[in-house]
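Visitor: Please give me a close look at one chain of this assembly, together with the surfaces where its neighbours meet it. I would like the cut-offs stated as the terms come up.

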Amino acid sequence: MNRQSAAKPWLLSAPALTLFLALLLTPLVMTFVLSFNSFNFYGGIKNTHDFGNYLDVLSDSFFYEIFARTFLIALATTVVCVILGVPEAYIMFRMKPFWRSTLFLVILGPLLISVVVRTLGWQILLGNKGLINSGLMNIGLISRPFRMMYSSPGVVIAMTHVMIPFMILAVWASLQRQDPATEQAAESLGAGPLTVFFRVVLPQVIPGILSGSLLVFSMSASAFATPAIIGGRRLKVASTTVYDEFMGTLNWPLGAAIAVILLVSVLIIMLAWNRLMERRYSGAFG
Amino acid sequence: MRRNGLAALLFSTLFVVFMIAPLVVVIGVSFTSTGYLEFPPSEPGLRWFRAILTNPDFIDAALLSLELGVTSATIATVLAVPAALAIGREKFPGRDVLQSLFLSPLMVPTVVLGVGFLRFLTLISMNGTLIGLALCHAVVIFPFILRLSLAAIVGLDQSVEKAAVSLGASSLTVFRRITLPLIMPGVCGGWILAFITSFDELTVSIFIINPSTTTLPVKLFNHITQTTDPLVTSVSTAMILFTVCIMLFVNWLYGLDRLLIGEGSR
Amino acid sequence: MALLELKNLTKRFGDVLAVSDFTLSVEQGEFVSLLGPSGCGKTTTLQMIAGFETPTSGAIILNGRNLEDVPARKRGLGIVFQSYALFPHMTVEQNVGFGLEMRGVAPAERAGRVRKVLELVHLDGLANRYPRAMSGGQRQRVAVARALVIEPDLLLLDEPLSNLDAKLREEMQLELRRIQQEAGVTTVLVTHDQSEAMALSDRIAVMQAGELMQVGSPFEIYERPRSSFVSTFLGKTNTLAARLEQVTPEGSLLVCNGVTLKGPPANFLPGPVEVSLRPERVELTDADNAVVSGTVSERVFLGNQWLSKVNTPIGELLMTRRNRGSDEPKPGDTVHLAWSAEHLSILAADRSRLT
């Protein structure tokens with residue numbers, strides 16, 4: 001509006017920008033630099049600059065297995081979240097306001113409860129003598145316990161619980177944006193409930209599903225608490241490996257290299273996904 | 001609107017069971033008097049709640065987490081509201097870059113943030129200090145406050161501010177008397193969401209705490225991975241109770257859906 | 001000297017010319033409307049007067065003072081916004097008192113002036129309500145009171161009635177006129193609603209695509225539009241393409257689709273023109289006195305009047321006739337139509353049709 005307006009936004013964001021330069025960009029750059037240093041048990045961290053750590057990681061099938069497991073668990077979690085979360089969001093959306101807000105509290109409330117607490121619950125449920133196994137054995141469905149603790153399916157179950165509220169929120173947001181009259185229009189033209197869902201509702205909420213999937217996938221790929229508790233020491237994923245390198249073996253440069261690889265692969269997947277979404281949906285949906 | 005069918009209601013019921021089962025189990029187990037995790041408890045009692053009181057480590061950790069949550073949420077709010085005003089109101093080159101930067105802690109894996117903070121704080125010898133922890137947490141929770149403040153600012157009818165200007169109010173008066181009171185619910189919602197996020201934060205904290213400054217989630221995590229006594233469940237039950245109280249308060253103040261979706265859904 | 005003078009006001013947004021070379025003066029106590037379709041530049045003009053937009057060129061002079069370097073908050077204008085822009089967290093009293101507070105008026109005097117202005121807008125007794133607990137019409141009155149209480153030199157109204165339903169809108173039109181005259185405040189109204197502009201204004205300035213098309217009293221503009229845009233924008237009209245054949249001081253002759261029509265004296269050279277004929281000027285007559293004859297194609301009953309469409313050799317003509325309780329020609333009937341020559345308006349062929 002007037003002359004000093006060019007500097008105004010920068011003055012307003014200067015304090016936050018300072019925090020981000022000091023405590024986000026600097027640490028990330030330092031981690032990047034650290035990943036090129038070397039380490040031995042006696043001398044500690046050496047200020048060298050080579051690709052040694054990256055070569056170590058990329059030439060060892062042990063690490064391949066870890067990254068493959070990380071992304072498979074993330075993918076499986078995402079798929080389960082879509083299959084369960086999308087219908088649930090739609091069912092909630094159609095409920096009367098009272099039930100809708102009650103379910104909202106029950107289903108989304110856990111989002112605000114510590115992941116450690118929620119995972120502890122799953123640890124109790126999934127153990128060999130846990131509630132699920134003893135229940136199934138009591139009714140005679142199985143004779144020996146399923147091994148769910150320290151297994152990938154167990155991690156996926158617990159992680160689904162942690163991530164599914166994000167999927168529901170994303171789908172919810174796009175359900176709110178759709179014109180409710182489109183469903184009524186489809187009904188008036190003779191469509192049954194399933195046809196309405198698959199032909200009218202689902203296409204309109206696909207942008208929400210896609211953005212929810214992206215969020216769930218990237219958060220699952222970098223999740224720490226759930227794989228650490230349910231997966232334990234043996235079933236390692238990328239983030240728990242980084243933790244072990246930093247806090248256990250103290251090989252910070254190697255840990256930093258794994259962290260950088262995790263960061264870069266997550267960012268690449270997110271960018272590719274975004275590009276795909278924009279190309280597919282930029283024109284059709286606002 | 002059409003009603004949900006029986007199958008839909010059954011699905012929804014099972015879904016609710018799935019969502020609350022782990023919490024119910026944790027709460028149930030915490031009321032055991034035995035020394036192991038069992039559900040339902042065969043001898044109900046408050047033994048493990050009394051154990052919290054004789055375990056000053058957990059109480060210290062909880063107090064530290066509270067202090068950390070309040071400090072970091074306040075730092076982040078004080079920095080985020082002006083930034084949200086700039087991004088939400090002004091059009092300037094670099095605006096989109098700035099917004100992406102401020103939201104980026106949501107996209108960087110927390111474990112990467114954790115090692116970055118560890119490396120940085122170690123080099124400036126601030127590892128394990130409250131202010132170091134609080135500043136790191138402030139970065140992590142910044143996006144939550146920014147998003148809600150932005151939603152409040154963008155949702156504000158600008159002609160209300162113009163009306164105040166036309167009646168003779170200066171920019172400072174407009175902000176103090178009109179803008180701030182009107183975006184306050186959004187800012188408060190953001191503060192609370194940020195506080196809870198900080199209070200529950202594990203992955204970043206576990207890298208940058210030291211034994212004398214252990215937060216509650218880290219303490220709990222270490223206890224879970226090392227031993228299996230019901231003390232962890234009674235501490236968890238206390239945390240659930242605390243969170244539910246905050247949640248009901250937020251739901252009353254602001255609406256949980258608005259808080260979590262992060263946009264004005266009127 | 002005029003109270004408000006807009007001199008060659010121009011506003012460009014990038015490549016878009018929102019307001020182009022706009023000149024208008026408003027006298028003390030006058031009620032002037034800026035009327036035009038959305039996007040015609042009327043709101044931009046108001047925003048420039050208010051000080052929320054800076055003109056690209058031109059000047060705004062209020063009471064002989066150029067407002068160029070006066071910021072919005074120092075202009076002392078009363079503004080009623082389209083959304084009312086009431087402060088939702090303040091009571092009516094606090095809303096209305098805000099401007100006085102900014103001027104440092106002492107609380108006791110403030111309370112008195114707020115009470116008086118609330119009486120003027122008939123809101124006495126609601127001083128402690130919050131805006132959300134009020135109806136649309138009441139909020140509107142609060143907004144007017146808040147703008148008037150600072151005793152502005154100029155009151156700006158930005159589409160003030162567009163958020164009200166039709167019945168309330170008519171009521172508020174009369175109210176606004178009464179309040180404006182009781183307060184004696186010079187007023188500029190921006191609207192796209194021609195009936196609102198006609199009901200309220202001393203003068204109307206019709207705008208199209210950033211340009212001022214015509215200024216005059218409502219009657220003048222309705223009866224003597226100078227372009228087909230103005231004639232179609234204010235009320236219903238029949239617009240016919242014709243050729244001006246002959247002009248004399250007594251009258252003119254026009255040819256429209258081979259039919260010769262008598263017209264009023266005109267300031268045009270012979271050539272292609274447009275002719276506007278208001279539907280209420282078309283009358284039924286017998287075959288001998290008819291200007292044209294035709295067949296009724298459609299007929300709509302509007303309560304106080306009938307609206308009919310008649311196919312004639314000079315084109316389709318709209319005709320409105322007062323409902324006298326008697327029979328109206330039905331679709332398919334042959335009718336004979338006439339009008340007096342002075343009721344035709346001869347217009348320059350519309351430039352938007354030429355380009």
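Guide: What follows takes chain B as its subject and then turns to the chains around it.

This is a predicted model, in which local features need pLDDT of at least 70 and side-chain atom pairs count only at pLDDT 80 or more, whereas totals for chains, interfaces and linings use all residues. Residues are numbered from 1 along each chain as its sequence is written, while chains are lettered from A and ligands numbered from 1 in the order in which they are written.

Chain B holds 12 helices and zero strands, where helices (H or I, at least four residues) and strands (E, at least two) are DSSP runs numbered from the N terminus. Its pattern along the sequence is accordingly written α-α-α-α-α-α-α-α-α-α-α-α. Taken along the principal axes, the C-alpha atoms of chain B fill a box of roughly 70 × 60 × 30 Å. Of the 266 residues in chain B, 52% are buried; a residue is buried if 20 or more other C-beta atoms lie within 10 Å of its own, exposed if 12 or fewer, and partly exposed in between, with C-beta atoms placed from the backbone. Two residues are in contact if their C-beta atoms, again placed from the backbone, lie within 7 Å, and among the contacts in chain B with a separation of 6 or more, 74% are between residues 24 or more positions apart.

Two pairs of chains are in contact, and of these chains A and B share the most contacts. That contact takes 71 residues from chain B and 68 residues from chain A. On the side of chain B that touches chain A, the largest share, 14 residues, comes from helix 1 (residues 6-30) of chain B. The residues on this side of chain B comprise 54 nonpolar, 12 polar and five charged, where Ala, Val, Leu, Ile, Met, Phe, Trp, Tyr, Cys and Pro count as nonpolar, Asp, Glu, Lys and Arg as charged, and the others, Gly among them, as polar.

In chain A, helix 3 (residues 61-93) has 33 residues, which at 1.5 Å a residue should span 48 Å, and this agrees with the 46 Å between its end C-alpha atoms; the expected span is 1.5 Å times one less than the number of residues.

The contact between chains B and C takes 15 residues from chain B and 17 residues from chain C. Helix 2 (residues 92-102) of chain C gives the most to the side of chain C that touches chain B, with three residues, and that side of chain C divides into 12 nonpolar, three polar and two charged residues. Chains A and C do not touch, although their nearest C-alpha atoms are 7 Å apart.

B:Val160 is found in helix 7 (residues 158-166) of chain B, and B:Val160 is buried because 20 other C-beta atoms lie within 10 Å. Leaving aside neighbours within four places in sequence, B:Val160 is in contact with B:Ile178 and also with C:Ala85 and C:Phe87. B:Thr179, 19 residues from B:Val160 in sequence, is 8.8 Å from B:Val160 in space, C-alpha to C-alpha.

Of the 355 residues of chain C, 39% count as buried. Chain C includes an open sheet of six strands in the order 6-7-8-3-9-10, with mixed pairing, two strands being paired if DSSP finds at least two bridges between them. Strand 6 (78-80) and strand 10 (211-216) of chain C are the edge strands, each pairing on one side only. Strand 9 (residues 203-208) of chain C runs antiparallel to strand 10 of chain C, joined to it by five bridges.
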